[in-house]
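Biologist: Could you take me through this one slowly? I'd like to know what stands behind each label.

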Amino acid sequence: MQKLWKILLWVGIIGIVAGLVLYSVVGLWRWYSVTTEIVGLMLVLGTVIMNFRIVVQALGRRSTKYGISMVIGGLFVLGILAAVNFFFYRNNYRSDWTQQKTFSLSDQTTKILRNLEKDVQVYAFWNDNDNARNQINELFIEYNNISPRFHYEFLDVDKNADIAQQVYAIEQYGTIVFKTETKEERWEPAPQFGGARPPQEEDITNTLIKVLRDEQKTVYFISGHGEVDLDDAQSRDGYGTAKAALEKQFYRVATLDLMSSDRVPGDASAVVIAGADKPYLQHELTALTTYLKQGGGVAVLLDPSPKPDFREFLSPFGIAPDNDIVVDPSLENRLFGGNPGTPLVRQYGEHKITKDFPYATIFHMTRSLQISGEVGALAISGGSAWGETDLSNLQQGVSFGESDIQGPLNIAAVTSVPSDSVNGKPGRLVVIGDSDFANNIQFNTQGNGNFFTNIVSWLAQDDDLISVSPKQMENRPLNMTAGDLRIVLYVIILFGLLIIGQGLRVYLKRRR
Amino acid sequence: MKNTWTIFRRELNAYFVSPMAYVVLVFFFALASVFFYLFLASFLQNQQLIQMQAQQGGRFQPVNVNLMLIRGLLLNLSVISLFMIPMITMRSFSEDKHNGTMELLLTSPLTNWQIILGKYFAALTLYATMIGTTLLFMVLLFFYGDPEFLPILSGYIGLLLFGAALVGIGMFISSLTENQLVSALVTFVVMLFLWLVGALGSFNSTNWSQQLLQYLSTIEHLDDFVKGVFDTRHLVYYLSTAFLGLFLTYQSVESTRWRG
């Protein structure tokens, strides 16, 4: 009889487990899983009730008591450990012990993540076997460590072809999609030899900022005076490349005709004057000055004479363009890719636009700028450059003359314009002696493109868009020759023999 | 405390007067040396290639012995440890059970915790000695170059904590059986499982179930240490795994008292 009860008990237990397994496989409670579950429960309960006396006796036994207390104690300890681990998982202290802080994010990124108020889901379309994936994963781990609202998932383009194509319409391998509840932004790698270039911290943070941003800001390029062509992405002088870069940063880019209106539209986050051939009319300049004093951002990209110098417009703000062309014949300039008429800039003023700016920039045929008062120099030529003022004899070669301006020269300048209302924010003004530096040809040369987009971001009050120089691995080589490698091998073998010798000594001693 | 010390010395003595400890040390050191030598040779080859490219006017590319050699090496040491730890822990209780000395220990005035901690720290000391033999490689690297010290330190702290957790688990399994071979095999399988469980969530994502699987994996927690990043999460994970192992050992030893 006892044996039968035992069998029934086991059948009951198996029934309970089987019911749960069926449920977990199907995902729903169906009649068969419910029946199995109920029968199992009834068998177990029935066995316990029918043998209540024996059960009570067993419970009274010392070993059962110990056994039960052991299980309860074990569960209790497990629960505490789980709670402790969970607590420290959420409240961890993390410190990067490498000298260069190789595995830490920049202060700006950290600040943005700490203030993250929405959940951001990131899908990275990188294949499982791509080496760059680990590199990106390491970055994502750091992002997620700072903010648990930063979620990420890697999707293998081949294994998840349907999701990649149908849901996200991924056109380029390596695309990373950033999603919030209301918006979607994507980062696409620039194609390069031997696979896609993995994103750096800068790329991830900037895309993150863009997906968090609610409004789309508008940047106007003024037209009607022979300015650069925004829709020309082919010819040398066009600004199509620059426009595309700004649109990638989530700006709306449009042209603005100031001749027919007396003010800058209210939705303008920044206004760019690039390469005008003819001087502006007075009412246009007045409109721009008003816009600046109301907290707007204006960039003036000049060119050497005979193009207009905007002196009348700029001098009230402390900037006076020289009537010259910057020439830098130094060897250094040539070494780094400049030529006499195309000075290379490696020195920048202290400003948000050029903070930690790692690149050189080049300016083909540029004016220099005289600055006074609060105005800061933004880009400064080398010391061996000068401003050639004799523009009529350029073809016969140039040399430094008495009337020329000795370098270093200011090629770009930046200033804030006090607001005309009491609590208004100040306007932002950037002037550059050259407009070619951001044309289709030069935009992707050196750091020109970054310089341009940084300027527009600052003008549009997007100070949080950042430029973090990619971390360069520290050089820590080994000074070893082939002979040294052999010495290392012998040292290792010798050490191994020492351990074996000691073992043998102990072994023999024990045998004796 | 004194009693724990006595057990510790007895156990450590048992390890080092038998050939067992030396077999473990030699095997480990031999495997580690092979890895080190291969890593070193490939690092030097890489370095030479990069230098040649730079000389031919290519872009200068740095080489870093910490990131390109030591990091990989330390991770590999943990893989080798996976095979060695069962050999270290298999005897701690199984041998006493098999020889019948367990009854002697249990009837002695020692408490269970004293016995367990003494044995645990003896096994951990052998593990630390084993890992310590690889410091020779670091000395050689410092002799021929200028590696960064702190990431190496954090790497070794990580390896010690990794061992502390796994030795705890091995002790528990050893307390369940009197057969040393069974103990070693089961320990190895459990360790391998704890190692691979993270790979089940290999999609690296922040999906919670995959995060949990990765959190349970012993290796996921080592990577940060080896990189040179110290995170209290990993410290807490290893210490609690070690504690869980010891607690279960205690329960298991305690049960032999009342099960008879």
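Modeller: In this predicted model, α2(B) passes α6(B) in a right-handed crossing.

Biologist: Why is this crossing of α2(B) and α6(B) called right-handed?

Modeller: A crossing is right-handed if the near helix is turned clockwise from the far one by less than a right angle, and left-handed if anticlockwise. α2(B) and α6(B) pack at an angle of about 30°, so with the right-handed label the near one is turned clockwise. Their axes, lines fitted to C-alpha atoms over the stretch in contact, are 9 Å apart; angles run from 0 to 180 degrees between N-to-C directions.

Biologist: What makes residues 20-55 of chain B a helix?

Modeller: Helices are DSSP runs of H or I with at least four residues, and strands are runs of E with at least two, numbered from the N terminus. Chain B has 12 helices and one strand by that rule.

Biologist: Which residues of α2(B) and α6(B) meet?

Modeller: A21(B), V24(B), L25(B) and F28(B) meet L126(B), T129(B), M130(B) and I131(B), where contact means heavy atoms within 4.5 Å. Seven are nonpolar, one is polar and none is charged. Ala, Val, Leu, Ile, Met, Phe, Trp, Tyr, Cys and Pro count as nonpolar, Asp, Glu, Lys and Arg as charged, and the others, Gly among them, as polar.

Biologist: And which way does α5(A) cross α8(A), left-handed or right-handed?

Modeller: Left-handed. Those two also pack at an angle of about 30°, with axes 11 Å apart. Among the residues that meet there are I112(A) in α5(A) and L208(A) in α8(A).

Biologist: Now the two chains. What makes D224(B) and R94(A) a salt bridge?

Modeller: The rule asks for a side-chain nitrogen of Lys or Arg within 4 Å of a carboxyl oxygen of Asp or Glu. The closest N and O atoms here are 2.8 Å apart, so the pair qualifies. The count between chain B and chain A is five salt bridges.

Biologist: How much do the chains bury between them?

Modeller: About 5900 Å², 65% of it on carbon and sulfur atoms. That's accessible area (1.4 Å probe) lost on putting the two parts together, summed over both. In terms of contact, 67 residues of chain B touch 60 of chain A.

Key:
Residues numbered from 1 in each chain as written. Chains lettered and ligands numbered in written order. Predicted model: local features only at pLDDT ≥ 70, side-chain atom pairs only at ≥ 80, totals over all residues. Heavy atoms only, no water.
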